[in-house]
Amino acid sequence: MDSNITPLDPIAFHLGGFSVHWYGIIIGCGILLGLALAMREAGRLSVDQNIIADLCIWAIPVSIICARIYYVLFEWKYYAQHTSEIIKIWNGGIAIHGALIGAVATAILFTRAKGVSFWKIADIVAPSLILGQAIGRWGNFMNQEAHGRAVSRAFLENLHLPDWIINQMYINGTYYQPTFLYESLWDLAGFVFLLLLRRRAAMHRGEIFLTYLIWYSIGRFFIEGLRTDSLMLTAHIRMAQVVSFILIVCALILWFYRRKTGLSAKRYDEQ
């Protein structure tokens, strides 16, 4: 039976001589949904929605470029021999941490130029970021990547997964753990948590964004340990786990420092 399993086609359709990949469509949907959510929240808080739109015009391409650079640098041994593939992001190979670095750097520069609070804007877009990540992991699913170690079909069936997910985890004659799914569900839970949290009057400016960093990084740290395609810092140290640990520590330090010094005295929803 297993030998008859055919993976889902990663190409959605052809437009002339151009192939449109599901990976790009899914990433694009995540971006658009996140943008719509952030625009709606900006309107609720009486923040100029054009600021969010203008920020995205800069942050989205910078984030994609940084995500690809980050990935290529840690896989340089391969890309040095296949330079023509460096730009082929539709085949996968973008690192979320690289995208996050690009997005935050762009937001800091942008908000300074506009004279608005970085922390207020970061709080508004934080749920959008983690929702986009939850959706984006399904692009990995279509490309049969970001999976874990080899498992049996019975293992996957015991997770009560539908056949279309189980079958897509059958890669070159072997079933693999759907770590893309674990992270997507963790991010989705984080999205719901952030939506609930930002309704709390006790939340101060910047703390929604810092909670996002902590939540996402905790999940990524543990799930990364299950993956077989991690970007490695050394032969035994996974880069994503190092970055996740650093983000957790830095976010906690910033949280308590801003509270202690009064830098986060304003509530999340204050003007």
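Modeller: Let's begin with Arg 137, which counts as buried because its relative accessibility is 6%; buried means under 20% relative accessible area, exposed over 50% and partly exposed in between, with a 1.4 Å probe and protein chains only. Please keep in mind that this is a predicted model, where local features need pLDDT of at least 70 and side-chain atom pairs count only at pLDDT 80 or more, while totals for chains, interfaces and linings use all residues. Residues are numbered from 1 along each chain as its sequence is written, and side-chain values use heavy atoms, with hydrogens and water left out.

Colleague: Happy to. Which residue forms a salt bridge with Arg 137?

Modeller: A salt bridge here is a side-chain nitrogen of Lys or Arg within 4 Å of a carboxyl oxygen of Asp or Glu. For Arg 137, the closest N and O atoms are 3.2 Å apart, and the partner is Glu 183. Arg 137 lies in helix α5 and the partner in helix α8, so the pair ties together parts 46 residues apart in sequence; helices (H or I, at least four residues) and strands (E, at least two) are DSSP runs, numbered from the N terminus.

Colleague: Which residues do salt bridges that share partners join into one network?

Modeller: One link is the salt bridge between the side chains of Arg 227 and Glu 224, at 3.6 Å from N to O. Both Arg 227 and Glu 224 are buried. The network as a whole consists of Arg 137, Glu 183, Arg 220, Glu 224, Arg 227 and Asp 229.

Colleague: How many residues apart in sequence are the parts that Glu 41 and Arg 198 tie together?

Modeller: Their side chains meet in a salt bridge of 3.2 Å, N to O. Glu 41 counts as buried at 2% relative accessibility, and Arg 198 counts as buried at 6%. Glu 41 lies in helix α1 and Arg 198 in the loop between α8 and α9, so the separation is 157 residues.

Colleague: Finally, is Val 249 buried, partly exposed or exposed?

Modeller: Val 249 is in helix α10. Together with Phe 245, Ile 246, Ile 253, Tyr 257 and Leu 263, Val 249 forms a nonpolar surface patch with about 600 Å² of accessible area; patches are made of residues with over 30% relative accessible area and no salt bridge, like charges being joined within 9 Å and nonpolar side chains (Val, Leu, Ile, Met, Phe, Trp, Tyr) within 5 Å, and areas come from the Shrake-Rupley method with a 1.4 Å probe, only the protein chains shown counting as cover for residues. At 33% relative accessibility, Val 249 counts as partly exposed.
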